[in-house]
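User: I am new to this structure. Please walk me through how to read it.

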Amino acid sequence: MKKRYVQVGIGGRSYMYSDAIKHKYPEYCQLAGLCDTNRHRMDIRNKRFTEGDAHFPEYKPVSPVKTYTADQFDLMLEEQKPDTVIVTCMDSAHDEYIIRAMNAGCDVICEKPLTIDSQRCQKIIDTVGRTGRNLKVTFNCRYSPVRALVKQTLMDGAVGDILSVDFFWNLNTSHGADYFRRWHRQKENSGGLLVHKATHHFDLVNWWIAAVPEEVYCIAGRQFYTPAQAERYGLKNRGKRCRNCPESKKCKFYLDIEANPDLKSLYLDAEKYDGYQRDLCVFDEEIGIEDSMNATVRYDTGVMMSYALNAFTPWEGYSISFNGTLGRLEHTCVERVYINGDGSTPGELIKKGTSVTVHPHFAEPYALPIPEARGGHGGGDDPLLADIFNPNAPKDPLKRAAGLGDGAWSILTGIAANQSIRTGLPVRPADLVHGIPEPSFRKD
Ligand SMILES: NC(=O)c1ccc[n+]([C@@H]2O[C@H](COP(=O)([O-])OP(=O)(O)OC[C@H]3O[C@@H](n4cnc5c(N)ncnc54)[C@H](O)[C@@H]3O)[C@@H](O)[C@H]2O)c1
């Protein structure tokens, strides 16, 4: 029997899931309902289902899906009786839909981050415990072949027992800037980049070193996406948004959402229904998130990590080093930049500049060949979808399928970091939330 799915949050990221159900795994899955606060975004999804999409000529027209506005979410569950609810809405609403779905007897697949603060995280943990429903959190980054290579090499013991980690993530002035244009720019929507974005990074570390965070200290600030930086660029007469901004010709951060047909139909044409503006000024004084973050983390295995996230760098990607009892593994990854929802493939891995090198103690270093990676997020999106929607997917020796424990531990580093920024003190994630299950990678 086909599994029945409904999806809530029909914005830029949601395409990946609805396309997979409709076009890649229709023999196993059925999409029975779409739900969003914005009717327009659901209507254009149905138009695309019935008429096709020039970006994907291989997708043949398929039947439309019944739509429900957010206030009809419970009605959708009642009418469609789904097995699973896919949650791809704004981060701060994840908890609400996870809880309502599970109370109605459904399993849940949730986009990262699981949620944005410890109170919401606690409610989700309690709900899973009470209802016994299954929760999957979709960490596509784990599925990227180069990250699997790093995991396998560490598991094979190439550097011995890991003692410390140095991790630097760069978001560039295109992709990084984009978090300062829309809902992500306020912590009450996204938890800030330490939660919204770094949930990927902290999850990768948890999984790579098979550990969970024990203590976190963090300092952070907004240093670049500020009115002062706009002044440095000579942007004296800025508007609240890019559209009709008097400085648009001079500003390197100008985003013309009217010029890109995908951005126009997904966001500009939808504005009249909910007032969500996709092109707010990145130098706005009202922005509430940081663009530079430095954290120190101690893990329950004794590993210590230095982590820095910077959102205004000239190139996009990261470098990480694992220092072990037998040597050091250095990994650098370069990613193609994009603007979410612009119709391009997000975050493709660029082979030139991407490397994995093992430096054994007292011996010559050696580089490992970089595996091919096609598609979004370092080649991680497609294998993730297979793991979710193909019931015949093989058992994964790298244990990449993530559940409640993985989702919770990945956000708790960032949530603890946010508290540390506020208080100036180190914070223990386990003091913030109780009953956090073991992550999947530590289970047999
Ligand atoms: N794993 C990844 O690589 C990745 C990449 C991008 C986004 N994401 C995640 O996907 C989710 C969606 O992000 P996006 O980039 O598509 O954002 P988006 O702004 O394009 O879409 C969000 C959608 O949610 C809807 N929405 C907002 N509040 C809602 C509510 N209360 N009820 C129902 N619908 C609501 C909006 O109308 C919009 O259609 C976020 O959780 C984000 O963190 C993950």
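User: Which residue stands opposite Ile 320 in strand 12?

Analyst: First, the ground rules. This is a predicted model, where local features need pLDDT of at least 70, side-chain atom pairs count only at pLDDT 80 or more, and totals for chains, interfaces and linings use all residues. Residues are numbered from 1 along each chain as its sequence is written, and side-chain values use heavy atoms, with hydrogens and water left out. Now the general idea: strands of a sheet pair through backbone hydrogen bonds, either parallel or antiparallel. Here, His 331 of strand 12 stands opposite Ile 320. Strand 11 (residues 317–324) and strand 12 (residues 327–335) are antiparallel, with 7 bridges. Strands are DSSP runs of E with at least two residues, helices are runs of H or I with at least four, and both are numbered from the N terminus. Two strands pair if DSSP finds at least two bridges between them.

User: In what order do the 8 strands of the open sheet run?

Analyst: The order is 8-9-10-7-11-12-13-14, with mixed pairing.

User: Which strands does helix 6 lie across?

Analyst: Helix 6 (residues 145–155) lies across strand 7 (162–172), strand 11, strand 12 and strand 13 (349–360). Its angle to strand 12 is about 175°. Axes are lines fitted to C-alpha atoms, for helices over the stretch in contact (heavy atoms within 4.5 Å). Angles run from 0 to 180 degrees between N-to-C directions. Helix 16 (residues 404–423) lies across strand 8 and strand 9 (292–299), at about 50° to strand 8.

User: Why is strand 2 largely enclosed?

Analyst: Strand 2 (residues 29–36) is largely enclosed by the rest of the structure because 7 of its 8 residues are buried. Buried means under 20% relative accessible area (1.4 Å probe, protein chains only). Strand 2 runs parallel to strand 1 (residues 3–8) over 6 bridges. Val 8 stands opposite Cys 35 there. Strand 2 is also parallel to strand 3 (residues 67–69), joined by 3 bridges.

User: How much space lies in the largest pocket?

Analyst: Rolling a probe the size of a water molecule over the atoms shows where empty space is left. A pocket is an open set of points on a 1 Å grid over the protein atoms alone, where a 1.4 Å probe fits, with protein on both sides within 12 Å along at least five of seven lines. The largest pocket holds about 950 Å³. That volume is the space filled by probe spheres set on the points, which are joined across faces, edges and corners.

Methods. Buried means under 20% relative accessible area, exposed over 50%, partly exposed in between (1.4 Å probe, protein chains only). On a 1 Å grid over the protein atoms alone, a cavity is a set of points where a 1.4 Å probe fits but cannot get out, and a pocket is an open set with protein on both sides within 12 Å along at least five of seven lines; lining residues have an atom within 4 Å of a point.
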